[in-house]
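Trainee: Can we go through this one together? I'd like to take it piece by piece.
Mentor: Go ahead and ask.

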Amino acid sequence: EQVISQIAAGEVVERPASVVKELVENALDAGATFVQIEVGAGGQRFIRVSDDGIGIPADEVKIAVMRHATSKLRTADDLSRIETLGFRGEALSSIAAVSRLLITTRHRDETMGMRIRLEGGQVLEASAVGAPAGTVVTVENLFFNMPARKKFLKSENTEKRLINQIVMNYAMAYPHVRFVLVHDGREIFRSPGSGQLADVVVKVFGLSQFKQMVEVDGEEIIRGRGGRIVVRGFVSEPDLNRKDRSRVILFVNGRAVQDNSLAYAVTQAYHTLLPKGRYPHAVLVISVPPDFVDVNVHPTKAEIRFEDANIAFSAVQRAVREVILGYAR
Ligand code: ADP
Ligand code: MG
């Protein structure tokens, strides 16, 4: 049983950055308006994510750390229209299996909170405690019982970079949420939680880069099906004097996704307007009907599949092209 859960854990928890991703997703699913991420030594010392979300009811905390325990799906049918970031019920149990885990939580409607301590998936302690509403999850000794995994961890700096990217991505996807990221006691990123994507893009890309971006605001009805595709965000001006690599950040229904086809749709939209050797920067927040996209393709949920990939492609291309053409005129 312990071996099985370690294998399962390996798929979800590849590295410290994946722990950060899963914990932040849980905080967002809990409706947090404030999420603080503290990391020690790129996650090799500790990772702590605190949120002011709804919290876990005291009598559900032990269940939450069990394999395939999710409070987010009730029927198999729900799987075809997922509106939360998590749904597989694998993250907490996977993290618990390969670390020392401490959860302190209080559900908004309960007077007492709960503190639970696990090591290698075994509950060592569970007790009622006073706590503010919300949840604090601390992960220490990651991969202590997986020496091979621990050995192949990349450098502290690589991990920090990945963690920064994940946090900044979620800050852009959830502009109404205040994010704070702290590495080794030093605050390195903070988003204002104003609800305006522009405010977060300024923080992530810097003001001078932001000033060279134009706003995308496209919306179309999905023909022959109903529902809408909304494409909002910012893309770089076509005549940017910049030679660095393309940086296309895409969110679909609140999830950062890796989708080469959609990224290509962005580049395509510039067509001949972008000088050779120049690449666009873009942050696009795309929303589609939940049943138009399958997010249950891979355990890390970074890959998605559209019901009709061409429709998604053209919607993105059109939305970007519209502002790029406007710019060229
Ligand atoms: P999933 O997110 O796929 O449901 P997880 O293993 O990540 O699975 O979490 C298991 C359950 O624990 C969640 O369904 C949720 O009920 C609860 N949970 C985890 N983290 C939080 C949090 N920060 N706030 C409130 N509930 C949480
Ligand atoms: Mg989760």
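Trainee: Which residues are buried in α6?
Mentor: In α6, the buried ones are Glu-159, Lys-160, Ile-163, Ile-166, Val-167, Met-168, Asn-169, Tyr-170, Ala-171, Met-172 and Ala-173. Buried stands for 20 or more other C-beta atoms within 10 Å of the residue's own, exposed for 12 or fewer, and partly exposed for in between, with C-beta atoms placed from the backbone.

Trainee: What kind of model is this, and how is it numbered?
Mentor: It is a predicted model, where local features need pLDDT of at least 70, side-chain atom pairs count only at pLDDT 80 or more, and totals for chains, interfaces and linings use all residues. Residues are numbered from 1 along each chain as its sequence is written, while chains are lettered from A and ligands numbered from 1 in the order in which they are written.

Trainee: Back to α6: what is its span, end to end?
Mentor: α6 covers residues 156–173, 18 residues, and reaches 26 Å from first C-alpha to last, close to the expected 26 Å at 1.5 Å a residue. The expected span is 1.5 Å times one less than the number of residues. Helices (H or I, at least four residues) and strands (E, at least two) are DSSP runs, numbered from the N terminus.

Trainee: What does Val-201 contact, leaving aside its neighbours within four places in sequence?
Mentor: Val-201 is in contact with Met-172, Phe-210, Phe-234 and Val-283. Contact requires C-beta atoms, placed from the backbone, within 7 Å.

Trainee: Why does Val-201 count as buried?
Mentor: Because Val-201 has 24 C-beta neighbours inside 10 Å.

Trainee: Changing topic. What is the strand order in the open sheet of 8 strands?
Mentor: The order is β5-β4-β3-β6-β2-β1-β7-β8, with mixed pairing. The edge strands, each pairing on one side only, are β5 (122–129) and β8 (186–190). From one strand to the next the twist averages 10 degrees. Two strands pair if DSSP finds at least two bridges between them.

Trainee: Which helix packs on the sheet?
Mentor: α2 does, touching β1, β2 and β6, and its direction makes about 10 degrees with that of β2. Axes here are lines fitted to C-alpha atoms, for helices over the stretch in contact, and angles run from 0 to 180 degrees between N-to-C directions.

Trainee: Is α2 buried or exposed?
Mentor: 14 of the 14 residues of α2 are buried, so α2 is largely enclosed by the rest of the structure. Just after α2, Gly-31 takes a positive phi of about 80 degrees.

Trainee: How do β1 and β2 pair?
Mentor: β1 (residues 34–40) and β2 (residues 46–51) are antiparallel, over 6 bridges. Glu-38 has Arg-48 in β2 as its bridge partner.

Trainee: And what joins β3 to β4?
Mentor: A hairpin, through 6 residues. The strands, residues 100–106 and residues 113–119, run antiparallel with 6 bridges; Leu-102 is partnered by Arg-117 in β4.

Trainee: How many residues lie between β4 and β5 in their hairpin?
Mentor: 2 residues, and Gly-120 in that turn has a positive phi of about 55 degrees. β4 and β5 are antiparallel, joined by 7 bridges, with Leu-118 opposite Val-123 in β5.

Trainee: Which residue other than glycine has a positive phi near 65 degrees?
Mentor: Phe-143. Asn-141 also has a positive phi, of about 55 degrees. Most residues other than glycine have a negative phi. Asn-141 lies in the loop between β6 (134–140) and α5 (147–151), and Phe-143 is found in the loop between β6 and α5.

Trainee: Are those two buried or exposed?
Mentor: Asn-141 is partly exposed, with 16 other C-beta atoms within 10 Å. Phe-143 is buried, with 21 C-beta neighbours inside 10 Å.

Trainee: Last topic: which residues come nearest to ligand 1?
Mentor: Of the 24 residues around ligand 1, the nearest are Ala-30, Ala-64, Thr-70, Gly-86 and Ala-91. A residue is near if its C-beta atom, placed from the backbone, lies within 6 Å of the molecule. α2 (16–29) and α4 (91–97) are the elements that give two or more residues to this shell, and the largest share, 4 residues, comes from α2.

Terms used:
Two residues are in contact if their C-beta atoms, placed from the backbone, lie within 7 Å.
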